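Colleague: Could we go through the aromatic residues and the surface of this model together?

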Amino acid sequence: MGGVLIVDEEGNVEDLTPDEALKDERLKDFPIFPELLTRKIVHAQNYWKESVLSNVKNLWLHHENQIELIDVSGQGNRQPFLVIANDGGEYWMIAVEPYGRAHGLAAIYLINAQTGEMSRIKFETPLTGPVKAIDYVKKALPTFDWSQFMAVEPIPIFLNGELWWRVAIIPGSGSGVAKIAFVNAETKEVKIFENEDEVRAFLLYGQVGAKIEEISGIVGAIYSYIKNGNTHWILIIDNETLYLSADQLSDELILKVLNLREGDNVTVKISEGRVVEIEKTWKQGT
């Protein structure tokens, strides 16, 4: 039947069913869906034929639509990796390759760490997978002492619609992080960062050394209209007028626009003509 065991400081054990565990307030911030089970679920995607014999023949001979779980060798840290999404939810992430030695990327599976609900991001064109991403990081640092350091935990990051692999470079002892690298899964471009501020700026603005223009003030008016099937907004902040379009905004920024009201005090950050952040601080009169 499965479930969750809770052991308190006095050694008392509670045995909760899966439904009870999902409803238990003590567990709402913990990944309770078993890590090992996620591997089995993703591996089971290979068994899609109409019969057991057809599945066996496909896995032994034909390899049609067959996927392989990708584990970076020599690290002792197998997938899945626990990632936190923009919505704050925790997910087990597993990247898979097509069968063979190409080390390309076939799909990324995300399994909700609370409920076990699974979603898949499939790639029709060949992209760099996590194993190759680590190879590119090592090539980008040819003088680095790789006998003392490891490149670990390639995590997928989507920036402006592009897939990047975030790779941590850590000492062999596992204490601390020496560098953070990002590898573009399509172009194979590698970016190396040495401090959190650089990483944060890259994740927020999608580029290195971005020049940011800030427009701050009181929202005087906000209008919306539909054009060519796309939502547009006219945002008036003090004496500035901004024209926003939903197809140029992330889902997070769209929600922020929808929550704006006249009288709000806001700062809009713009990079290369594109809105990259909207910060609402306080409302006039409060």
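Colleague: What should I know about the source?

Modeller: This is a predicted model, where local features need pLDDT of at least 70, side-chain atom pairs count only at pLDDT 80 or more, and totals for chains, interfaces and linings use all residues. Residues are numbered from 1 along each chain as its sequence is written, and side-chain values use heavy atoms, with hydrogens and water left out.

Colleague: How many aromatic pairs does the structure hold?

Modeller: Six. Rings of Phe, Tyr and Trp (its six-membered ring) pair if their centres lie within 6.5 Å; planes under 30 degrees apart count as stacked, over 60 as edge-to-face and the rest as tilted. One of the pairs is Phe182 with Phe193, edge-to-face because the planes are at 75 degrees, with centres 5.7 Å apart.

Colleague: Is Phe193 buried or exposed?

Modeller: Phe193 is buried, at 4%. The rings of Phe193 and Phe202 are tilted, with planes at 35 degrees and centres 5.2 Å apart.

Colleague: Which residues form the aromatic cluster?

Modeller: Trp164, Phe182, Phe193 and Phe202.

Colleague: Changing topic, where does the charged end of Lys138 sit?

Modeller: The charged end of Lys138 is over the ring of Trp146, 5.7 Å from its centre. The criterion is NZ of Lys or CZ of Arg within 6 Å of the ring centre and within 35 degrees of the ring normal.

Note on methods. Buried means under 20% relative accessible area, exposed over 50%, partly exposed in between (1.4 Å probe, protein chains only).
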